[in-house]
Amino acid sequence: MEGQDEVSAREQHFHSQVRESTICFLLFAILYIVSYFIIRRYKRKSDEQEDEDAIVNRISLFLSTFTLAVSAGAVLLLPFSIISNEILLSFPQNYYIQWLNGSLIHGLWNLASLFSNLCLFVLMPFAFFFLESEGFAGLKKGIRARILETLVMLVLLALLILGIVWVASALIDKDAASMESLYDLWEFYLPYLYSCISLMGCLLLLLCTPVGLSRMFTVMGQLLVKPTILEDLDEQIYIITLEEEALQRRLNGLSSSVEYNIMELEQELENVKTLKTKLERRKKASAWERNLVYPAVMVLLLIETSISVLLVACNILCLLVDETAMPKGTRGPGIGNASLSAFGFVGAALEIILIFYLMVSSVVGFYSLRFFGNFIPKKDDTTMTKIIGNCVSILVLSSALPVMSRTLGITRFDLLGDFGRFNWLGNFYIVLSYNLLFAIVTTLCLVRKFTSAVREELFKALGLHKLHLSDTSRDSETSKPSANGHHKAL
């Protein structure tokens, strides 16, 4: 009987492993297909010839798609775990959700950590060097020569990074035991390196998310139709039509030899046509869309931002009085044993909404920064090099999202796998400083956003506008026409 029980246990373990592997594969396949279509939408259309560069571009495309799929998986990791915990708590004995268990959740976290390391340290550097390689001088040109050059560059890059990390770790921690552990590549070196990358990703999120939270109001204002208050859309459309006709006549009257003026006028004509299209869209929009959707979305964004700042403030107080509030504190009751929110399923749904909102805001803030402004992809006109850079940036942001959400107290779900083993998560001063900086910077960005028009009017009244003390050009708060077709004023 004992032998039969052992065989039955082995069979159940085998079937559970196969089931979990199948589920992971199906989820990743869906993310890969979606990521492929997203990249194909922005990738520059090249010739369909089967030459060497086309093969290299195709390989880089597949690696970039894999990285973007891993990034999407890292973003969905924490929301999927939170909703799974609530489902298992509500239906503990349901036969149809037996596949949803703690083993599957832990496996997904481990796979996300493994693939994030693989993409960040191997696949993306390989794709970049492979795309830029030409083969060593003296060797026969071809795919093999480019692969050889890429591998040599990867080895040199690995030696450089490992040397830098070894020296930095030796300078920071001079303990003999830690010096000896540096020689352990797999158990200490790579986790330590990924911990540094995670800290850099969280710092990048700390920079991008507050900016994105304030920019979300401008972005949604450009996408939605604003209410028509004291405006005559027919008159604006008539004026813009006259301007379009005047530019068209100027273009027809210029000779082909004045190339610079023609290009400038064509660009201006294109801007006028875009503005006319948006004005016509505003005119055709229904009263519900103009007067209800826009205010509702703005109020919703304000509520979500306020809740995020309030949760961070509460987390700061918890850090000061409770040690379990640390991201690397005591472990929770486990998946499916207790709800992580005082409001149950509603609180879990709110946490998931806030996590997605923070991720979208961080991406918006990332592309709003002047240093990363050139990274913005363009439809059907983005090079593979820029796509690789975007994939790496999104991967760093998405991999740090679960850590940031837990550090800020947005959720109480414990970080699983390698995500919860970062050394800096146990440092009280780093975690407290991170929360304080996030709350302060977010508040300042929001105050600057909502007082920009008042500041502009005050500067004009005092005659200080000529000194350029206020920079609102990136928020389109000047007298130039906005994206939805009318002038913004106080």
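Which helix does Thr-407 lie in? Thr-407 lies in helix H11, which covers residues 384-407. Before I go on, please keep in mind that this is a predicted model.

Let me stay with Thr-407 for a moment. Its relative accessibility is 2%, so Thr-407 counts as buried, the cut-off being under 20%. A polar atom of its side chain lies 2.6 Å from the backbone oxygen of Val-403.

Helix H2 has 39 residues, which should span 57 Å at 1.5 Å a residue. The end C-alpha atoms of H2 are 56 Å apart, and that agrees. H2 does bend, by about 35° at Leu-76, and a proline, Pro-79, follows within four residues. Helix H3 runs over residues 102-132 and has 31 residues. From first C-alpha to last, H3 reaches 43 Å, close to the expected 45 Å. H3 has a kink of about 45°, centred on Cys-119.

Is Phe-126 buried or exposed? At 18% relative accessibility, Phe-126 counts as buried, because buried means under 20%. Setting aside neighbours within four places in sequence, Phe-126 is in contact with Leu-63, Thr-150, Leu-151 and Leu-154. Take Leu-154 from that list: Phe-126 and Leu-154 are 28 residues apart in sequence, but their C-alpha atoms are 6.8 Å apart in space.

Now the nonpolar cores. The largest one has 87 residues, and Trp-109 and Leu-301 have the most contacts inside it. Several helices give two or more residues to this core, including H1, H2, H6, H9 and H12. H3 supplies the largest share, 14 residues. Another core lies apart from this one; it has ten residues, among them Ile-240, Leu-247, Leu-269 and Leu-279.

Last, the cysteines. A disulfide is a covalent bond between the sulfur atoms of two cysteines. How many disulfides does the model have? The count comes to zero. Cys-318, for one, is in no disulfide. The cysteine sulfur nearest to that of Cys-318 belongs to Cys-314 and is 6.7 Å away, whereas the cut-off for a disulfide is within 2.5 Å. At 28% relative accessibility, Cys-318 counts as partly exposed. Cys-202, at 0%, counts as buried.

That is the end of my part.

Technical notes: Residues are numbered from 1 along each chain as its sequence is written. This is a predicted model: local features need pLDDT of at least 70, side-chain atom pairs count only at pLDDT 80 or more; totals for chains, interfaces and linings use all residues. Side-chain values use heavy atoms; hydrogens and water are left out. Buried means under 20% relative accessible area, exposed over 50%, partly exposed in between (1.4 Å probe, protein chains only). A polar contact is a pair of N or O atoms within 3.5 Å; within protein, one must be able to donate a hydrogen and the other to accept it, and residues adjacent in sequence count only if both atoms are side-chain atoms. The expected span of a helix is 1.5 Å times one less than its number of residues. The bend at a residue is the angle between axes fitted to the seven residues ending there and the seven starting there. A nonpolar core is a set of buried Ala, Val, Leu, Ile, Met, Phe, Trp, Tyr and Cys residues joined through side-chain atoms within 4.5 Å. Contact means heavy atoms within 4.5 Å.
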